[in-house]
Amino acid sequence: MPPVKVTVPGVLKLLKGLNPNKACGPDNIGPRLLRDLSEQIASSLTTIFQQSLHDGIVPGDWRKANITPVFKKGQKYLCSNYRPVSLTSIVSKLMELVVCSSIMIHTNMHNILYPLQHGFRVRRSCETQLIDLVNDIANNMQSGLQTDIFLLDFAKSFDEVSHIHLIHKLHWYGITGEVDKQLLS
C-alpha cells in the first residue's frame with residue numbers, strides 16, 4: 001500500500017465538515033471550535049498527522065476515551081443489556097478518517113473486498129444490500145425459484161477478533177508501512 005497522503009486541503013475539508021453539535025472527547029476540544037478555526041489549524045494538524053504516521057506513534061491523548069454505557073434492550077438492571085460507547089478526541093477521529101480513506105482506496109484499487117460486501121463502502125450501504133436482496137427474492141419468485149436465506153448474528157464477533165490474525169491478514173493484503181506502525185502502536 002502506498003504511503004498515506006495527508007494534505008492541507010484534505011484536512012481542511014474534514015474540519016469544515018464537522019458537525020458542531022456533536023460532543024467533544026476527553027480533551028474537551030469541541031467540533032465547533034475546530035470547524036471555526038479550520039483555516040488557522042489545518043496546516044498544523046496536517047503536520048501532526050504526517051509526523052504521527054511517519055513515527056508510528058499515536059499521541060497519548062488520542063488514546064483516551066470517555067466511555068458511556070448505552071442501553072440496548074431487555075431489563076435495565078442487567079449489565080449485559082448495555083453496550084459501551086467510547087467518545088474519543090475529534091482530532092483522532094479525523095486522522096482515522098484519513099487512514100481509513102487510504103485503506104479503502106487500496107482495497108478498491110486491488111479488488112480486495114468481496115464485490116457483494118455492503119456497509120461502510122461508497123455506494124454500498126446496508127440499504128443497497130437490502131434492495132439487492134429484495135430484488136433477488138422478487139426475481140426468484142417471478143421465475144418460480146426457491147430462495148433460501150441464512151440469517152447470522154455477528155453481534156459479538158468483533159469482540160472475539162484476534163488482533164494478531166487481523167494484522168497478519170492486513171499484511172497479506174498489502175496494508176503495511178505507515179499504517180502498519182499505527183496498527184501496532
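This note goes through some features of the structure in numbered points.

1. Basis of the note. The model is predicted, so local features are reported only at pLDDT of at least 70 and side-chain atom pairs only at pLDDT 80 or more, while totals for chains, interfaces and linings use all residues. Residues are numbered from 1 along each chain as its sequence is written, and side-chain values use heavy atoms, with hydrogens and water left out.

2. The nonpolar core. A nonpolar core is a set of buried Ala, Val, Leu, Ile, Met, Phe, Trp, Tyr and Cys residues joined through side-chain atoms within 4.5 Å, where buried means under 20% relative accessible area, exposed means over 50%, and partly exposed lies in between (1.4 Å probe, protein chains only). The largest such core has 18 residues, and the members that touch the most others are Val-6, Val-11, Leu-15 and Phe-49. At least two residues each come from α1 (8–16), α3 (38–55) and α4 (90–109), and α4 gives the largest share, with 6 residues.

3. Which residues of α1 are buried? They are Val-11, Leu-12 and Leu-15, and they lie on the same side of α1 because they cover an arc of only 100 degrees around the axis, the arc being that of the directions from the helix axis to the C-beta atoms. An α-helix has 3.6 residues a turn, so residues three or four places apart point the same way. On the other side of α1, Pro-9 and Lys-13 are exposed. The cover over the buried residues of α1 includes α2 (31–36), α3 and α4.

4. The start of α1. The N-terminal end of α1 is capped by Thr-7, which has a side-chain oxygen 3.0 Å from the backbone nitrogen of Gly-10. This is judged by the rule for a polar contact, a pair of N or O atoms within 3.5 Å; within protein, one must be able to donate a hydrogen and the other to accept it, and residues adjacent in sequence count only if both atoms are side-chain atoms.

5. A contact means heavy atoms within 4.5 Å. Leaving aside residues up to four places away in sequence, Val-11 touches Val-6, Ala-42, Leu-45, Thr-46 and Phe-49. Ala-42 lies in helix α3 and is buried, with a relative accessible area of 1%; with the same exclusion of residues up to four places away, Ala-42 touches Val-8, Val-11, Leu-12 and Leu-15.

6. Aromatic pairs. Rings of Phe, Tyr and Trp (its six-membered ring) pair if their centres lie within 6.5 Å, with planes under 30 degrees apart counted as stacked, over 60 as edge-to-face and the rest as tilted. The structure holds 3 aromatic pairs. In one of them, Phe-49 and Trp-62 have ring centres 5.8 Å apart and planes at 70 degrees, so the pair is edge-to-face. This pair links distant parts of the chain, since Phe-49 is in helix α3 and Trp-62 is in the loop between α3 and β1 (65–71), 13 residues apart. Both Phe-49 and Trp-62 are buried. Trp-172 and Tyr-173 also form an edge-to-face pair, at 4.9 Å centre to centre and 85 degrees between the planes; here Trp-172 is exposed at 64% relative accessibility, whereas Tyr-173 is partly exposed at 28%.

7. Cysteines. How many disulfides are there? The count is 0, where a disulfide is a pair of cysteine sulfur atoms within 2.5 Å. Cys-100 is in no disulfide, and the nearest cysteine sulfur, that of Cys-126, is 15 Å away, which is too far for a bond. Cys-100 is partly exposed, with a relative accessible area of 41%, and Cys-126 is exposed at 55%.

8. Positive phi values. Most residues other than glycine have a negative phi, and most peptide bonds are trans. Asn-111 has a positive phi near 50 degrees, and Arg-123 has a positive phi near 60 degrees. Asn-111 is in the loop between α4 and α5 (126–142), and Arg-123 is also found in the loop between α4 and α5. Asn-111 is exposed at 66% relative accessibility, and Arg-123 is exposed with a relative accessible area of 75%.

Methods
Helix = DSSP H or I, 4+ residues; strand = E, 2+ residues; numbered from the N terminus.
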